[in-house]
Amino acid sequence: DFGAALPFFRPERKDDTLSFAPEWSGSLSATFEQPVGASFLFRANLGAKYTSEYNTGSNLDRRKIQDAYTLVNARLGFGAEDETWMIEAWAQNLTDEENYQVALDATLQGSSAGAVPTSTINAFLGPPRTYGVTARFKF
């Protein structure tokens, strides 16, 4: 019961899930290391993060829902067994999964109020597939 405070709340949103609150999320990672010869090391790592559907908008507009997605990252390394040096090739978002970090109503582009919102939705996307090489040295 909102009582006299009703004008400050939206009772139709009472049972909605909070923004940026997926029902499920989880991550899994595996690393494999293998000595190579007398003094070298090979390392491989694969990781994944799953996020179920969630709303990215602060006003819970249904047009701002991000579908469930999984991000996969990988890393391959070769270097000294004592880890004084290592060269690694890596990739983030290996499957190039497109996802919204946040969706928002465009300024002066309609209205999100009412039963049928007319506003234009803009979004900041998560990073696309990125890859590179890293050299690590300990001295």
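**Close-up views of a predicted model**

**View 1. Pairing of β2 with β5.** In this predicted model, twelve bridges join strand β2 (residues 40-51) to strand β5 (residues 69-80), and the two strands pair in the antiparallel sense. Within this pairing, Leu46 has Ala74 of β5 as its bridge partner.

**View 2. The five-stranded sheet.** The strands β1, β2, β5, β6 and β9 form an open sheet in the order β1-β2-β5-β6-β9, with antiparallel pairing. At the edges of this sheet lie β1 (25-36) and β9 (130-137), each of which pairs on one side only. From one strand to the next, the twist averages 15 degrees. As a general point, the strands of a sheet pair through backbone hydrogen bonds, in either a parallel or an antiparallel manner.

View 3. Asn73 lies 17 residues from Trp90 in sequence, while the C-alpha to C-alpha separation of the two in space is 7.6 Å.

**View 4. Asn55 in β3.** Asn55 is a residue of strand β3 and counts as buried, because its relative accessibility of 10% is under the 20% limit. Its side chain reaches the backbone oxygen of Asp61 at a distance of 3.0 Å. When neighbours within four places in sequence are left aside, the contacts of Asn55 comprise Ser19 and Phe20, together with Leu60, Asp61, Arg62, Lys64 and Ile65.

**View 5. Lys64 in the loop between β3 and β4.** Lys64, one of the contacts of Asn55, is placed in the loop that runs between β3 (54-55) and β4 (65-66). Is this lysine, Lys64, buried or exposed? Lys64 is buried, because its relative accessibility is 3%, which is under the 20% limit. Apart from neighbours within four places in sequence, Lys64 is in contact with Tyr54, Asn55, Thr56, Gly57 and Asn59, and also with Ala103, Leu104, Asp105 and Ile121.

Methods: Residues are numbered from 1 along each chain as its sequence is written. This is a predicted model: local features need pLDDT of at least 70, side-chain atom pairs count only at pLDDT 80 or more; totals for chains, interfaces and linings use all residues. Side-chain values use heavy atoms; hydrogens and water are left out. Helices (H or I, at least four residues) and strands (E, at least two) are DSSP runs, numbered from the N terminus. Buried means under 20% relative accessible area, exposed over 50%, partly exposed in between (1.4 Å probe, protein chains only). Contact means heavy atoms within 4.5 Å. Two strands pair if DSSP finds at least two bridges between them. Axes are lines fitted to C-alpha atoms, for helices over the stretch in contact, and angles run from 0 to 180 degrees between N-to-C directions. A polar contact is a pair of N or O atoms within 3.5 Å; within protein, one must be able to donate a hydrogen and the other to accept it, and residues adjacent in sequence count only if both atoms are side-chain atoms.
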